[in-house]
Amino acid sequence: MEIGKQIRKYRTELKLSQDELADRVYVTRQTISNWENDRNYPDIRSLVLLSNIFGVSLDILVKGDLEQMKDEIRMEDIRKFQRDSYIYTVFLAGMVLLPMPLLRYLKVWGIVIWLLWTGAGLWWGWRIEKYKKVHDIHTYKEIVAFMEGKRLDELEKNQEIGKRPYQIAMLVMLTAAVGLAVVLLLRRVFFHF
């Protein structure tokens, strides 16, 4: 990050020691040293005080850092989305594969375990949907672009927005089909026992 270099540059231009600057920003000399050596980052209150002391705007003080911070935040969002997607996939696979073995070997307790597993899977699915809403990604192409750290251009985005109603209709039909299959399967299993 560039903020440490900026703080050192403006501090030396004003001929201030780290102690003198620390007194004016209400922090310790060690904190100033940590900022200048990029060991940590000043909070917003300190940034405002620094910009006033140095007589520069916040934008100039943190120039270069804003884009890097946005990129770091974006990469963190992508990592979280990927992690949550993998976890959701495991829960989804368990929701499909576990009911029969659990029911066969654990009877009623198997159903309880499966319901708890399904509840956890639904919670992870809700987290995925929250990411999708926050980042306005809904179609497969939008999700792939997001996971690669890219954005679709306006024409591609509009094409994907046009696909959303059809995908929602297909999702509803698929969900209904899966729900019907699960009900029929459970009915058969319960009548079998």
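A: This is a predicted model. Start with the overall form. The protein has a radius of gyration of 27 Å, while a compact globule of 193 residues would have one near 16 Å.

Q: What box do the C-alpha atoms fill along the principal axes?
A: The box is roughly 85 × 45 × 20 Å.

Q: Which pair of residues gives a sense of distance within the protein, C-alpha to C-alpha?
A: Take Ala177 and Val62. They are 115 residues apart along the chain, and their C-alpha atoms are separated by 54 Å. Ala177 sits in helix H10, residues 154-192.

Q: Why is Ala177 called partly exposed?
A: Its relative accessibility is 42%.

Q: How many helices and strands does the protein have?
A: There are ten helices and zero strands. From the N terminus on, the elements run α-α-α-α-α-α-α-α-α-α.

Q: What share of the residues is buried?
A: Buried residues make up 31% of the 193. Among contacts with a separation of 6 or more, 55% join residues 24 or more positions apart.

Q: Which residues have the most contacts inside the largest nonpolar core?
A: That core has 16 residues, and those with the most contacts inside it are Ile7, Leu21, Trp35, Leu50, Phe54 and Leu61. Helices H1 (3-13), H2 (18-25), H3 (29-36) and H4 (44-54) each give it two or more residues. Apart from this core lies another, of six residues, including Ile78, Ile128, Tyr131 and Phe146.

Q: What makes such a set a nonpolar core?
A: Its members must be buried residues of the nonpolar kinds listed for a core, joined through side-chain atoms within 4.5 Å. In soluble globular proteins, nonpolar side chains tend to be buried together.

Q: Which residues does Ile7 touch, beyond those up to four places away in sequence?
A: Ile7 touches Leu21, Trp35, Glu36, Pro42, Leu50 and Phe54.

Q: How do H1 and H4 pack, and at what angle?
A: The angle is about 35°, and the axes are 10 Å apart. The crossing of H1 and H4 is left-handed. H1 brings Ile3, Ile7, Tyr10 and Arg11 to the contact, and H4 brings Leu47, Leu50 and Phe54.

Q: Why does Ser46 count as buried?
A: Its relative accessibility is 1%. Buried means under 20%. The value meets that cut-off, so Ser46 counts as buried. Ser46 is in helix H4. It touches Val25, Val27 and Trp35, not counting residues up to four places away in sequence.

Q: Why does Lys157 count as buried?
A: The cut-off is under 20%. Lys157 has 18% relative accessibility, so it counts as buried. Lys157 is in helix H10. Leaving out residues up to four places away in sequence, Lys157 touches Asp136, Glu142, Leu152 and Arg164.

Q: What phi does Asp136 have?
A: Asp136 has a positive phi of about 50°, although it is not a glycine. Most residues other than glycine have a negative phi. Asp136 lies in the loop between helix H8 (108-134) and helix H9 (140-147). At 33% relative accessibility, Asp136 counts as partly exposed.

Q: Why is Tyr26 called exposed?
A: Exposed means over 50% relative accessible area. Tyr26 has 64%, so it is exposed. Tyr26 is in the loop between H2 and H3. Tyr26 also has a positive phi, of about 65°, although it is not a glycine.

Q: Why does Arg83 count as partly exposed?
A: Its relative accessibility is 41%. That lies between 20% and 50%, so Arg83 counts as partly exposed. Arg83 is in helix H6, residues 65-97. It touches Arg127 and Tyr131, not counting residues up to four places away in sequence. Arg83 and Ile128 are 45 residues apart in sequence, and their C-alpha atoms are 10.0 Å apart in space.

Technical notes. Residues are numbered from 1 along each chain as its sequence is written. This is a predicted model: local features need pLDDT of at least 70, side-chain atom pairs count only at pLDDT 80 or more; totals for chains, interfaces and linings use all residues. Side-chain values use heavy atoms; hydrogens and water are left out. Buried means under 20% relative accessible area, exposed over 50%, partly exposed in between (1.4 Å probe, protein chains only). Helices (H or I, at least four residues) and strands (E, at least two) are DSSP runs, numbered from the N terminus. Contact means heavy atoms within 4.5 Å. Axes are lines fitted to C-alpha atoms, for helices over the stretch in contact, and angles run from 0 to 180 degrees between N-to-C directions. A crossing is left-handed if the near helix is turned anticlockwise from the far one by less than a right angle, and right-handed if clockwise. The radius of gyration is taken over C-alpha atoms; the globule rule is 2.2 Å times the number of residues to the power 0.38.
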